[in-house]
Amino acid sequence: MKIFIACILFLASLTSYAQKIEIGAIEIIYSEILQEEREYWIYLPEHYSDEKYKEQEYPIIYLLDGEKYFHVVSGIVNNFSSGYYPIMPECIVVAIKNTNRARDLTPTTMADMGYESGGSSKFEYFITKELMAKINGTYRTMDYKILMGHSFGGLFTMNALFKKANSFNAYVAIDPSLWWDDALFVKGLGDKLHWLDFDKRTLFLANANSLGYPKKAGKQDNAHFKAKEMAIKKMNANIPKNLNLNIKTYPEEDHGSVVLPSIIDAFRFIFKGYRANAKEVMKNPALLRTHYQEVSDKLGFDFKPQCAYIDGIVDLLIERHQLEKAEILHHLNMDLYPTNKYLQEKFD
């Protein structure tokens, strides 16, 4: 009996020391534009709350269908922005939860669909005027923004790009529902491609297999396929001016399964070239400035190496007793982030 009680107390003690793993927070904003409360989920980068990096600002990812894809996107961002060879910078993720999905993400009213539609202009105005102001006023943001959406969210993303390209820096449209309203977006695409200047914006367009995979195609599947095919042909025939474009087809993925691989590919494409060669930087610290100047020129935005990344390389150099090169990188970090006092005592 004593042994049994001791086991119970031991298990209870383990339970009492259990800690929760939190990857985000739920926030609410009241929208005067939409006349309703809107919930959004926030993921903050690993180093966001570190006092050493209080000067660091972060790009923002605005994610549609937020409640569905929050964990996927935040997990990929965390993985891709970690370590000595990050594929992308640490980013803040703003995942917008739906209230009336079809209403908010579609551009025109289709009464015969049996659900409310046609409110995307108002919803876009909410994001760009109210939500962005809230995010920028609350968090340490830099003015590099990514919009990401799937299906109706992909349709919304395409319309946002072609309506006002400079609202975001990069757009990820995952198997967009371009069939909407008898492919209205696609029919008007040709004229826009002739005169729009996208000013170094980026579009990653994921095209899933809409026909016969994994089931026999229906009427809407055919309309979906034809609309995407027509849009892709138009964009390939008239390369959009100053648009960094990647259209990738996934023959073995359907409308649902395409989301995960396309998010991974989208980040790789948007931040292509972002990864620095840490071994070469350790040999020649001056390469870091050159590398990020090339990244900035490609992305059309002033990117600099993030503070925590430089400190990580400095730590590695110190471990290897290469103090002279560590000091060069440390002072580069101080030039970029004057309030960063990390390792200051080692070089004073």
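**Strand S2 and its surroundings**

Reply: In this predicted model, strand S2 is joined by four bridges to strand S4 (residues 92-96), and the two run antiparallel.

S2 itself covers residues 36-43 and is mostly covered, with six of its eight residues buried. In a regular strand, side chains alternate between the two faces of the sheet.

S2 also pairs with strand S1 (residues 25-31), again in the antiparallel sense, and here there are seven bridges. Serine 31 has glutamate 36 of S2 as its bridge partner. S1 and S2 form a hairpin with four residues between the strands. Within that hairpin, glutamine 35 takes a positive phi near 60°. S2 therefore has bridges to S1 as well as to S4, and the definition of pairing asks for at least two bridges between strands.

Now for the rest of the chain. The protein chain contains 14 helices and eight strands. Its C-alpha trace spans about 70 × 70 × 45 Å along the principal axes. Of the 348 residues in the protein chain, 50% are buried. Taking contacts between residues at least 6 apart in sequence, 74% join residues at least 24 apart.

Two of the helices show how such elements meet. Two packed helices are described by the angle between their axes and the distance between the axes. Helix H4 (residues 120-138) packs against helix H5 (residues 152-163) at an angle of about 75°, and their axes lie 11 Å apart. Angles of 65 to 115 degrees count as roughly perpendicular, so H4 is roughly perpendicular to H5. On the H4 side the contact involves Ser120, Ser121, Phe123, Glu124 and Ile127, which meet Phe156, Ala160 and Lys163 in H5. By type, the residues of this contact are four nonpolar, two polar and two charged.

With 14 residues at 1.5 Å a residue, H13 should span 20 Å, and its end C-alpha atoms are 20 Å apart, so the two values agree. The buried residues in H13 include Ala326, Leu329, His330, Leu332, Asn333, Met334 and Leu336. An α-helix has 3.6 residues a turn, so residues three or four places apart point the same way.

Notes:
Residues are numbered from 1 along each chain as its sequence is written. This is a predicted model: local features need pLDDT of at least 70, side-chain atom pairs count only at pLDDT 80 or more; totals for chains, interfaces and linings use all residues. Side-chain values use heavy atoms; hydrogens and water are left out. Buried means under 20% relative accessible area, exposed over 50%, partly exposed in between (1.4 Å probe, protein chains only). The expected span of a helix is 1.5 Å times one less than its number of residues. Axes are lines fitted to C-alpha atoms, for helices over the stretch in contact, and angles run from 0 to 180 degrees between N-to-C directions. Angles under 35 degrees count as roughly parallel, over 145 as roughly antiparallel, 65 to 115 as roughly perpendicular and the rest as oblique. Contact means heavy atoms within 4.5 Å. Ala, Val, Leu, Ile, Met, Phe, Trp, Tyr, Cys and Pro count as nonpolar, Asp, Glu, Lys and Arg as charged, and the others, Gly among them, as polar.
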